[in-house]
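Here are my notes on this one, as numbered points. Have the model open while you read.

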Amino acid sequence: EKIMPVTFTNILFSNILEPLATLVNNEFNIPVYYDEHRGNSSFIFTPQSDDLVTQLSYGTQREYNIEINYQLKLGGTYNKNSIKQVSNIMERLKRLINNNTISNNGSEFFDANISGIEYQQDEDDASILRGVATFNCQNIEVL
């Protein structure tokens with residue numbers, strides 16, 4: 001008896017990362033990458049986790065966590081204005097996600113939120129500032 005390959009949807013990529021990247025691209029004039037920062041300012045999306053929330057009779061409900069890392073390379077020195085620039089982006093990101101907690105009527109993701117933001121100055125390059133947000137959302141995959 002031949003075992004048939006499993007059919008599946010890449011939920012993380014197709015239903016979480018791509019819609020999230022589209023949302024961020026439509027709001028900010030800042031590129032989104034998945035590997036490394038480029039230019040003076042960019043976002044990097046890094047998947048962190050995919051956890052089972054509950055097993056349903058018709059599928060599974062899972063929670064996904066994505067790190068959204070915004071980096072700004074300053075033209076000058078680190079000062080109050082630098083903090084304002086980075087925090088402006090992060091505050092706007094929080095509002096964007098808060099206004100878009102559901103993607104594609106919930107078929108891509110729902111209950112989206114930013115659970116935390118960390119601000120960092122690069123250890124090796126004082127002209128680099130980062131805002132690192134944790135994006136969480138849920139998805140129900142009908143099996």
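1. Salt bridges, starting with the cut-off. A salt bridge here is a side-chain nitrogen of Lys or Arg within 4 Å of a carboxyl oxygen of Asp or Glu. By that rule D50 pairs with R62, and their closest N and O atoms are 2.4 Å apart. D50 sits in strand β2 and R62 in strand β3 (residues 59-73), so the bridge ties together parts that are twelve residues apart in sequence. Strands are DSSP runs of E of at least two residues, helices are runs of H or I of at least four residues, and both are numbered from the N terminus.

2. Where this comes from. The model is predicted, so local features need pLDDT of at least 70 and side-chain atom pairs count only at pLDDT 80 or more, while totals for chains, interfaces and linings use all residues. Residues are numbered from 1 along each chain as its sequence is written, and side-chain values use heavy atoms, with hydrogens and water left out.

3. How open is that strand pair? For accessibility, buried means under 20% relative accessible area, exposed means over 50%, and partly exposed is in between (1.4 Å probe, protein chains only). D50 comes out as partly exposed at 36%. R62 is partly exposed too, with a relative accessible area of 23%.

4. The other bridges. How many salt bridges does the structure hold? The count is six. One of them joins E27 to R92, with 2.9 Å between the closest N and O atoms. E27 belongs to helix α1 (residues 11-27) and R92 to helix α2, so this pair links parts that are 65 residues apart in sequence. E27 is partly exposed, at 33% relative accessible area, and R92 is partly exposed at 36%.

5. K94 is partly exposed at 34%, and E91 is partly exposed at 43%.

6. Have a look at H37. Is H37 buried or exposed? With 19% relative accessibility, H37 counts as buried. H37 lies in the loop between β1 (32-33) and β2 (41-56). The H37 side chain makes two polar contacts worth checking: one with the side chain of S42 at 2.7 Å, and another with the side chain of N69 at 3.1 Å. A polar contact is a pair of N or O atoms within 3.5 Å; within protein, one must be able to donate a hydrogen and the other to accept it, and residues adjacent in sequence count only if both atoms are side-chain atoms.

7. Who else touches H37? Setting aside neighbours within four places in sequence, H37 is in contact (heavy atoms within 4.5 Å) with S42, F43, I44, N69, Y70 and Q71.

8. Which residue has a positive phi of about 55° although it is not a glycine? N104 does, and N105 also has a positive phi, near 55°, without being a glycine. N104 is placed in the loop between α2 (80-99) and β4 (110-121), and N105 lies in the loop between α2 and β4 as well. On accessibility, N104 is partly exposed at 47%, whereas N105 is exposed at 80%.
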